[in-house]
Amino acid sequence: MNERHAVRMGAVAVTAAALVLPAFMAVPRKLPATAMGSGLLLYLERGLAVFAILLFLLVFLYRSLVHGELPKAISGRGAEWTDLAATSRSTSSELQTQVDELDAVVTRIVEALEAKG
């Protein structure tokens, strides 16, 4: 299973859980003020809360398990991560440098063998 497929499956699971889990939560006799007297609005608010929590957990697990990084900071505004694109570019340029160095070494070895033979 490739990375994109896993992310898509995780997103589908998060969405399904956000739709199903609020249906199993108890509805109090006196609805909270945020529900404004509507059981449907309470269900939608709970669904949104479950979705946000599970989405954060999905992102946290993906970035920590796949990319091996933890958030730099967690605040009321959310988690702050390093830029994956910048990390990827620096890693790929480092790898390209290593490949170029190995290519130069192989070229010198081949030239030395041709000179002897």
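How many aromatic pairs does the count come to?

1. Aromatic pairing. The count comes to 1 aromatic pair, where the ring centres of Phe, Tyr or Trp (its six-membered ring) must lie within 6.5 Å, and planes under 30 degrees apart count as stacked, over 60 as edge-to-face and the rest as tilted. The pair is formed by Phe56 and Phe60, and it is stacked, with 6.3 Å centre to centre and 25° between the planes. Both residues lie in helix α2 (residues 39–65), 4 residues apart, about one turn of the helix.

2. Basis of the values. This is a predicted model, in which local features need pLDDT of at least 70 and side-chain atom pairs count only at pLDDT 80 or more, while totals for chains, interfaces and linings use all residues. Residues are numbered from 1 along each chain as its sequence is written, and side-chain values use heavy atoms, with hydrogens and water left out.

3. Buried means under 20% relative accessible area, exposed over 50%, and partly exposed in between (1.4 Å probe, protein chains only). Phe56 has a relative accessible area of 33% and is therefore partly exposed. Phe60 counts as partly exposed because its relative accessibility is 28%.

4. Helix α2. Helices (H or I, at least four residues) and strands (E, at least two) are DSSP runs, numbered from the N terminus. Helix α2 has 27 residues, and from its first C-alpha to its last it reaches 38 Å, close to the 39 Å expected at 1.5 Å a residue; the expected span is 1.5 Å times one less than the number of residues. Its buried residues include Leu42, Gly47, Val50, Arg63 and Ser64.

5. Nonpolar surface patch. Ile53, Phe56, Leu57 and Ile74 make a nonpolar surface patch of about 380 Å². Patches are made of residues with over 30% relative accessible area and no salt bridge; like charges are joined within 9 Å, and nonpolar side chains (Val, Leu, Ile, Met, Phe, Trp, Tyr) within 5 Å. The areas come from the Shrake-Rupley method with a 1.4 Å probe, and for residues only the protein chains shown count as cover. Helix α2 gives the most to this patch, with 3 residues.

6. Salt bridges. The structure holds 2 salt bridges, each a side-chain nitrogen of Lys or Arg within 4 Å of a carboxyl oxygen of Asp or Glu. One of them joins the side chains of Glu69 and Arg63 at 2.8 Å, N to O, and both residues are buried. Glu69 is found in the loop between α2 and β1 (73–75), and its relative accessibility is 13%. The side chains of Lys72 and Glu80 also meet in a salt bridge, at 3.3 Å, N to O. Lys72 counts as exposed because its relative accessibility is 53%, whereas Glu80, at 43%, counts as partly exposed.

7. The loop between α1 and α2. Leu21 is placed in the loop between α1 (3–20) and α2. With a relative accessibility of 40%, Leu21 counts as partly exposed. Leu21 and Tyr43 are 22 residues apart along the chain, and their C-alpha atoms are separated by 9.5 Å.
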